[in-house]
Amino acid sequence: MEKNLMRKFVAVTAMLLMVSAASNARAADAMKLYQALLTMQPEQMPEGFSSATLGSINLKPASQQAGIVGIAKITFAGKNSSGEMRYAVFSTQQEIESSARDLGMPGQPIFFPYFPKGNCTSHDNTQACEIEDGTVMILVITHDLTPGIRATTAGIFGKAALEHLRSVRQSIGQPAPPPQ
């Protein structure tokens with residue numbers, strides 16, 4: 001009986017260590033992705049933009065408790081428009097799914113066929129989309145859209161943000177997340 005109890009104790013301890021190691025590995029992968037997003041410029045500038053500045057957004061305690069490792073931001077400027085790509089990197093898929101968020105984006109909902117699950121809106125001369133890709137929530141915002149002038153919509157901007165994220169993942173050896 002004592003031997004059996006000891007075996008169970010060793011087995012449970014080993015399982016807990018494996019779970020802890022897997023959790024630490026996911027957190028390390030998320031931090032590596034976040035750090036790479038802070039340092040890598042997009043390979044191609046989205047149409048309508050001529051410069052990009054990398055930065056980050058300070059996390060509030062509630063964001064950290066929700067499992068966000070960090071938020072990388074790329075600010076774009078162009079002749080007729082400006083925009084931002086924000087990448088909120090979570091440690092796990094479970095944390096991004098359980099994260100309660102109301103982005104409070106005003107305006108009319110808009111649909112882009114390449115983002116069927118995207119949450120996109122248009123208000124005055126601004127468009128925004130929230131898109132999830134694995135453990136990353138992307139928020140893209142385009143400003144100063146002029147009616148009648150060919151501008152980079154939030155949909156086109158979102159596609160560029162996803163391409164950049166996939167390029168960054170590839171550069172650090174992380175696989176693309178499975179399709180949702």
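## Reading the contacts

Mentor: Glu-84 has a relative accessibility of 16%, so Glu-84 counts as buried. Buried means under 20% relative accessible area, exposed means over 50%, and partly exposed lies in between (1.4 Å probe, protein chains only). Some ground rules before we go on. This is a predicted model, where local features need pLDDT of at least 70, side-chain atom pairs count only at pLDDT 80 or more, and totals for chains, interfaces and linings use all residues. Residues are numbered from 1 along each chain as its sequence is written, and side-chain values use heavy atoms, with hydrogens and water left out.

Trainee: Which residue meets Glu-84 in a salt bridge?

Mentor: First the criterion. A salt bridge is a side-chain nitrogen of Lys or Arg within 4 Å of a carboxyl oxygen of Asp or Glu. Here the side chain of Arg-86 meets that of Glu-84, at 2.6 Å from N to O. Arg-86 has a relative accessible area of 26%, so Arg-86 is partly exposed.

Trainee: How many salt bridges does a search of the whole structure find?

Mentor: Three. Asp-133, Arg-166 and Arg-169 are linked in a network of them. Take Arg-166 and Asp-133: their side chains meet at 3.3 Å, N to O. Arg-166 lies in helix α4 (residues 154–171) and Asp-133 in strand β6, so this pair ties together parts that are 33 residues apart in sequence. Helices (H or I, at least four residues) and strands (E, at least two) are DSSP runs, numbered from the N terminus.

Trainee: And what is the N to O distance for Arg-169 and Asp-133?

Mentor: For Arg-169 and Asp-133 the salt bridge is 2.5 Å. This pair also links distant parts of the chain, with Arg-169 in helix α4 and Asp-133 in strand β6, 36 residues apart.

Trainee: Is Asp-133 buried or exposed?

Mentor: Buried, with a relative accessible area of 8%. Arg-169 is at 4% relative accessibility, so Arg-169 counts as buried too. Arg-166 is partly exposed, at 43%.

Trainee: What else is Asp-133 in contact with?

Mentor: Contact means heavy atoms within 4.5 Å. Leaving aside neighbours within four places in sequence, Asp-133 is in contact with Leu-162, Leu-165, Arg-166, Arg-169 and Pro-177.

Trainee: Now the strands. How do I read pairing, and in which sense do β3 and β7 pair?

Mentor: Two strands pair if DSSP finds at least two bridges between them. Strand β3 (residues 82–90) and β7 pair in the antiparallel sense, over eight bridges.

Trainee: How many bridges join β6 to β7?

Mentor: Seven, and strand β6 (residues 126–133) runs antiparallel to β7. Ile-131 stands opposite Ile-138 in β7. The two strands form a hairpin with two residues between them. In that turn, Gly-134 has a positive phi of about 65 degrees.

Trainee: Why is strand β7 described as largely enclosed by the rest of the structure?

Mentor: Count burial along the strand. Seven of the eight residues of β7 (residues 136–143) are buried, so β7 is largely enclosed by the rest of the structure.

Trainee: Next, aromatic rings. How many aromatic pairs does the count come to?

Mentor: Apply the rule first. Rings of Phe, Tyr and Trp (its six-membered ring) pair if their centres lie within 6.5 Å; planes under 30 degrees apart count as stacked, over 60 as edge-to-face and the rest as tilted. The count comes to three aromatic pairs. The rings of Phe-76 and Phe-157 have centres 5.2 Å apart and planes at 75 degrees, so that pair is edge-to-face. Phe-76 lies in strand β2 (residues 68–77) and Phe-157 in helix α4, so the pair ties together parts 81 residues apart in sequence. Both Phe-76 and Phe-157 are buried. With Phe-49, they form one aromatic cluster.

Trainee: Last item. Which residues does the disulfide join?

Mentor: A disulfide is a covalent bond between the sulfur atoms of two cysteines. The test is a pair of cysteine sulfur atoms within 2.5 Å. The structure holds one disulfide. This disulfide joins Cys-120 to Cys-129, with S to S at 2.1 Å. The link is right-handed, with 115 degrees about the S-S bond. Cys-120 and Cys-129 are both buried.
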